Amino acid sequence: MDSPPSNDPKIPLLPLDDPNPNHNSQIRYPSSLESILPSKNLSILLGPLLSTVICLCVNLDGAVASRNMLAVLAWVFAWWLTEAVPMPVTSMSPLFLFPLFGIASADDVAHSYTNDVIALVLGSFILALAVEHYNIHKRLALNITLVFCGDPLNPPLLLLGICGTAAFISMWMHNVATAVMMMPVATGILRRFPTGPDQSVVVSNFCKAVILGVLYSITIGGMSTLTGTGVNLILVGMWKSYFPQAAPITFSTWFCFAFPSALLMFLAFWGLLCCLYCSRGSGQALSVYLDKAHLKKELELLGPMAFAEKMVLALFSMLIVLWMTRSITEDIPGWGVLFNGRAGDGTVSVMIATFLFIIPSKKQKGEKLMDWEKCKKLPWNIILLLGAGLAIADGVRSSGLANLLSETLDFLEAVPYVAIAPAVCLISSSITELITSNNATATLIIPLLIQIAKSMHVHPLLLMIPGGIGAQFAFLLPTATPSNTVGFATGHIEIQDMIKIGLPLKIVGIAVLSLLMPTLGVYVFRTSEPVQ
């Protein structure tokens, strides 16, 4: 019989520092296209070669800029898909390709990398680094898990607390950062259970449920807010680029639609986990290894909240309130009206981040809550990828390629929306499964969906949002997203576990979006009104 773990309070339940920090970084799964094109030299030549062939052989019924834009798209996406050069470097390529191919001036393309959307990401990432530095996410996870643990242990309720914590954190931080922070928390909880041949089926299933729960809750939570994932920001940036006179999609507007959608998906996902992996009757077997006493001891090890932690939490809460109240309704315009609409979500994001470098931490004399040394971990790769996506959207529109695509897709005019919306979700999620980047998928598919919407004479957001959010439904393969890879690398789940829970979750997500977009979406985004 397995002996329960030691109750010594000095033995931490959650590791404060990863004993093997390079473990996950050493695990890399090649994409499908990398297997086909193993030679880096061949992959590097593929982009320029495709671009040259298009310039020499393709004749579009439009300006030369349209053909050149198509050539640039082939170059950039060939490098993205094969990773011939690092993705952040590829993301900078529009800065030299657009001027050289006569698509846009150097100043114009550079503006795409420094707009309000980029400012929103930059400020929120700095705040996320502060949360990580002060271990606030671990304190939050322990407190919520303690509340949901139950006495005696209630595994489905505990699972709800763990998944809910992961979803909540991912609403305000990027998915990948949340996965990197939350996965050690999850494995720390599971560390008290036996491993190897001594592990019972009940324990094994609960371990799988926790890892899968954290993994997919992060994706579901990330779709709720603009800052949760880069796809949402790419979508909003492209909307602003293509339709500058239309009402912008604000943080609160997106939340009013995406949060109910995510909540429905989350509840269905939790039900699936409980049915397949975690029954209520498993509590007695699991309580031998984990109960409220263990969680309380671990929480005590973190000690009381210091001034620095309280200030970071206060600034974090202030930022959320400012995001949600900048623009509320036409009758209640929000604080943004005080500045004549000049202030954006990125404005307050950078402002709050600046306060972190001004307010003292009261730990050492002269020390602030944050310093630039701690900001060296900023994910510039994601920021550059967002900039590239926005630059490509501008290029497709300004070069005239968008109009040519619209004419080509006229045959879709007769297709009913109820048929095209689920197909858009399925196609975008399938592309992400293959190319391992939902940001790249969104950059590729959203401009195309705008033209399809024009051909069908429907509001563009009716297709853009299912396509953008659908790109995040890559639940089947460990290589589909970096978050999936982080969860798979724990060793607690297999590919068949991901498919077993991921396939029905994908179906649920497509059904939710297809149902809510023509109902709730019409009210929130005013898709019944013509686009300006």
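**Exercise 1. Charges over rings**

Determine which ring lies under the charged end of K362 and which under that of K500.

*Solution.* The model is predicted. Step 1: the criterion requires NZ of Lys within 6 Å of the ring centre and within 35 degrees of the ring normal. Step 2: for K362, the ring is that of F307, with the charged end 4.4 Å from the ring centre. Step 3: for K500, the ring is that of Y277, and the distance to its centre is 5.0 Å.

**Exercise 2. The pair W172 and F251**

Classify the arrangement of the rings of W172 and F251, and locate both residues in the chain.

*Solution.* Step 1: a pair of aromatic rings is described by the distance of the centres and the angle of the planes. Step 2: the ring centres of W172 and F251 are 6.0 Å apart, and pairing requires centres within 6.5 Å. Step 3: the planes of W172 and F251 meet at 15°, so this pair is stacked, given that planes under 30 degrees apart count as stacked. Step 4: W172 belongs to helix α9 (residues 155-172) and F251 to helix α13 (residues 251-276), so that the pair links distant parts of the chain, 79 residues apart. Step 5: W172 has a relative accessibility of 7% and counts as buried; F251 is buried as well, at 0%. The structure holds 15 aromatic pairs.

**Exercise 3. The pair F357 and W372**

Classify the arrangement of F357 and W372, and state how accessible each residue is.

*Solution.* Step 1: the distance is 6.5 Å centre to centre, and the angle between the planes is 40°. Step 2: an angle under 30 degrees would count as stacked and one over 60 as edge-to-face; the pair of F357 and W372 is tilted. Step 3: F357 and W372 both lie in the loop between α17 (345-355) and α18 (380-398), so the pair ties together parts that are 15 residues apart in sequence. Step 4: F357 has a relative accessible area of 26% and is partly exposed, whereas W372, at 52%, counts as exposed.

**Exercise 4. The second largest pocket**

Describe the volume and the lining of the second largest pocket.

*Solution.* Step 1: the volume of this pocket is about 1,400 Å³. Step 2: its lining consists of 44 residues, and those nearest the pocket centre are A247, P248, T250, T253 and S327. Step 3: four helices, namely α7 (116-133), α12 (230-242), α13 and α25 (520-525), each contribute at least two lining residues. Step 4: divided by class, the lining comprises 25 nonpolar, 11 polar and 8 charged residues.

**Exercise 5. Positive phi values**

Describe the backbone angle phi and the setting of N135 and H457.

*Solution.* Step 1: N135 is not a glycine, yet its phi is positive, at about 55°. Step 2: N135 is placed in the loop between α7 and α8 (136-149), and it is partly exposed, with a relative accessible area of 23%. Step 3: H457, also a residue other than glycine, has a positive phi near 60°. Step 4: H457 is situated in the loop between α21 (438-456) and α22 (461-470); at 60% relative accessible area, H457 is exposed.

**Exercise 6. Separation in sequence and in space**

Compare sequence separation with C-alpha distance for V85 and S43, then for I446 and S428.

*Solution.* Step 1: V85 and S43 are 42 residues apart in sequence, and their C-alpha atoms are 8.6 Å apart. Step 2: V85 occupies the loop between α3 (64-82) and α4 (87-92) and counts as buried, at 15% relative accessibility. Step 3: I446 and S428 are 18 residues apart along the chain, with 9.4 Å between their C-alpha atoms. Step 4: I446 is part of helix α21 and, at 0% relative accessibility, counts as buried.

Technical notes. Residues are numbered from 1 along each chain as its sequence is written. This is a predicted model: local features need pLDDT of at least 70, side-chain atom pairs count only at pLDDT 80 or more; totals for chains, interfaces and linings use all residues. Side-chain values use heavy atoms; hydrogens and water are left out. Buried means under 20% relative accessible area, exposed over 50%, partly exposed in between (1.4 Å probe, protein chains only). On a 1 Å grid over the protein atoms alone, a cavity is a set of points where a 1.4 Å probe fits but cannot get out, and a pocket is an open set with protein on both sides within 12 Å along at least five of seven lines; lining residues have an atom within 4 Å of a point. Grid points are joined across faces, edges and corners, and a volume is the space filled by probe spheres set on the points. Ala, Val, Leu, Ile, Met, Phe, Trp, Tyr, Cys and Pro count as nonpolar, Asp, Glu, Lys and Arg as charged, and the others, Gly among them, as polar.
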